[in-house]
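Subject: Structure for you to look at

Dear colleague,

Here is the structure that I promised to pass on to you. Please open it beside this message, and read the notes below with it in view.

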Amino acid sequence: MNHRHTPEFDLQETLSENRLIGLWRMMRGFRLPYVGATLALGLAAVSKTATYLLIQYLIDDVLGGGLLNLLPWVALGFLGLALFEGAFTFLSGRWAAFTAEGIARRLRNYLFDHIQRLSFSYHDRTQTGELLQRATSDVEAINRFFLQQATGVGRIVLLFAINFAAIAYINVQLAFLSVVSLPLLWVMSYYFFTRIEKAYEAYQEQEARLSATLQENLSGVRVVKAFARQQFEIDKFGAENKEKYRRGMRLLLMHSLYWPVSDIVAGMQMLGGFLAGALMALNGIITVGDYLAFSGMVIWIIWPMRNLGRLIVQASTALVSYNRVSEIIREDREPMEAGDHLPDGDVRGEIVFENVHFAYEDGTEVLHNINFHVQPGQVIALMGSTGSGKTSLVNLLPRFYEYTGGRILLDGVELKRYPRKYLRSQIGIVEQEPFLFSRTIRENIAYGVGRQVTDEEVYQAARAAAIHDVILSFPEGYNTLVGERGVTLSGGQKQRVAIARTLLKDPRILILDDATSSVDTETEAAIRAALERLMEGRTTFIIAHRIQTVMHADAILVFNKGHIVQQGTHEELLKDEDGIYRRIYEVQARIEVELEREIASVGG
Ligand code: TTP
Ligand code: MG
């Protein structure tokens with residue numbers, strides 16, 4: 001059986017304000033083995049009760065009534081009942097495990113799938129460590145719930161009902177006397193349930209904080225070392241860890257208070273039951289066999305009562321975890337397919353911005369009234385000081401974020417009408433801080449194309465990105481592992497692998513977000529020459545700080561604080577004596593001249 005997430009099983013639809021209903025719906029597809037597990041436990045319980053009734057029969061009728069020839073049969077009966085009980089206990093364990101592990105597996109797969117499909121803004125505001133903790137620890141709590149508590153409830157109810165009925169069959173009064181403390185146990189359990197729920201929630205929150213701290217520390221380990229801030233980080237972690245310890249102690253205190261208290265109540269109840277039974281037997285109201293059977297069965301009435309309390313208390317943790325997991329599930333995915341305009345082939349690449357405004361979720365506008373027009377195949381350069389909104393602008397094109405005002409037209413059609421999936425197949429973006437996976441270089445370059453690629457295709461892309469020779473110089477060439485288990489690439493090498501990855505995808509619209517910032521001018525010139533061929537026929541956005549990089553563009557947009565303050569070709573922009581572009585040009589030219597003089601003096 002394959003329980004992969006399918007469109008028919010959308011966990012989002014199963015969510016419920018009532019957490020028990022939500023958990024019940026989460027069981028869809030696993031209810032049969034669940035019912036099987038519960039019934040098997042019930043049958044095992046029946047055989048236990050039957051054993052006590054057999055004891056009563058043995059004493060009152062076989063021994064007391066002189067039917068000694070039946071003795072072997074009674075012995076066989078005991079053996080059969082024991083085997084029966086063992087077999088069904090085993091089966092129940094298997095089915096419960098199948099249910100719980102199956103549901104947990106499906107939930108994990110669903111979460112993995114779901115988390116990747118959430119919007120950029122969701123990930124902007126959510127800590128990785130927090131998500132990690134919910135996808136692991138909270139899923140485990142839900143797993144435990146199905147493994148122990150969900151099947152346990154059935155068993156407890158059945159055990160209670162059967163033994164209560166059996167005792168009532170012996171004597172009704174005795175049956176009711178055996179359960180007088182039930183309301184007290186319930187009130188107590190409820191009280192602890194609410195307390196433990198709160199304590200556990202606080203505990204899980206802190207655990208998430210701790211794992212977020214750890215995760216961030218590991219990602220930023222270089223910064224920590226570079227600034228020699230180890231002690232600061234250790235103290236920070238220590239403080240978070242201490243808080244977790246404190247909350248953990250509190251949680252365990254609640255548990256360890258509840259257990260003995262419920263045990264005392266249960267013990268008193270049992271004692272009372274024995275006493276009442278003994279008095280009845282002495283007064284001849286019930287027989288000695290009745291009493292012996294009762295004293296066996298009453299345990300199986302008290303035990304479920306006490307354990308139901310425990311189970312309710314333990315279930316509180318699953319309910320907390322259910323909430324934490326459903327907070328993720330409730331988030332809507334980025335609708336990848338939504339959009340009524342799906343062209344058959346590729347886009348031409350004509351892009352028009354009309355009075356475009358954009359603000360991130362916090363509401364502060366970072367792009368104001370942007371207007372420009374790009375013909376298919378043109379190269380557009382974006383320049384401007386850091387934080388002026390260049391990355392924000394190009395991120396609008398693949399619909400990573402939605403613009404908040406104005407219109408963006410692609411081939412004359414508003415961008416919002418294109419499905420995101422289509423846009424992203426048409427647009428290739430080399431991110432400002434490219435991320436490479438801990439896989440081989442070849443896998444990293446081939447990552448963006450959803451098909452098998454030939455070595456020659458990979459080499460070609462790598463050559464265009466001026467990284468082919470570098471890769472060949474590694475001992476294992478294209479099979480060299482990148483990252484933690486392999487070579488550490490320099491910033492410029494990483495950028496070039498990322499460029500190769502995007503070139504191989506062969507997009508109609510190419511976005512290079514500061515993609516050659518860590519590459520020396522000579523290598524950049526080589527990349528530019530190769531790109532020039534590749535850029536032919538595709539609309540290209542280049543974000544860069546060097547005049548050399550942008551000067552050949554068909555149009556240069558100069559940004560300042562979210563506004564386009566200048567636009568035109570290199571020559572046009574230079575004419576404006578007071579313009580930012582001219583100033584940047586002069587500063588860079590001066591530096592260049594000085595640099596050449598320096599080099600000449602050193603060389604001479
Ligand atoms: P960017 O668009 O990142 O500015 P930039 O790309 O021009 O800067 P750089 O040259 O350094 O790459 O940022 C514009 C503003 O938007 C800035 O105030 C930070 C803010 N911002 C967010 O709030 N969330 C984001 O995800 C990004 C990318 C930027
Ligand atoms: Mg940027």
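What percentage of the 604 residues of the protein count as buried? The share is 47%, where buried means under 20% relative accessible area, exposed means over 50%, and partly exposed lies in between, with a 1.4 Å probe and protein chains only.

Before going on, please note that this is a predicted model, in which local features need pLDDT of at least 70 and side-chain atom pairs count only at pLDDT 80 or more, while totals for chains, interfaces and linings use all residues. Residues are numbered from 1 along each chain as its sequence is written, chains are lettered from A and ligands numbered from 1 in the order in which they are written, and side-chain values use heavy atoms, with hydrogens and water left out.

**Overall form**

The protein has 22 helices and ten strands, which are DSSP runs (H or I of at least four residues for helices, E of at least two for strands) numbered from the N terminus. Its radius of gyration is 36 Å, whereas a compact globule of 604 residues would have one near 25 Å; the radius is taken over C-alpha atoms, and the globule rule is 2.2 Å times the number of residues to the power 0.38. Along the principal axes, the C-alpha trace spans about 120 × 50 × 50 Å. Of the contacts (heavy atoms within 4.5 Å) with a separation of 6 or more, 77% are between residues 24 or more positions apart.

**The magnesium ion**

The magnesium ion (ligand 2) has Thr-391, through OG1, and Gln-432, through OE1, as its protein donors, at 1.9 to 2.4 Å. Donors are N, O and S atoms within 2.8 Å of the metal (3.2 Å for Na, K and Ca), and water is not among the atoms, so sites may look incomplete. Thr-391 belongs to helix 13 (residues 390–396), while Gln-432, 41 residues away, sits in the loop between strand 6 (427–430) and helix 15 (441–446), so that the pair links distant parts of the chain. Thr-391 is partly exposed at 27% relative accessibility, and Gln-432 is also partly exposed, at 35%.

Leaving aside residues up to four places away in sequence, His-570 touches Ile-547, Met-551, Ile-556, Tyr-581 and Tyr-585.
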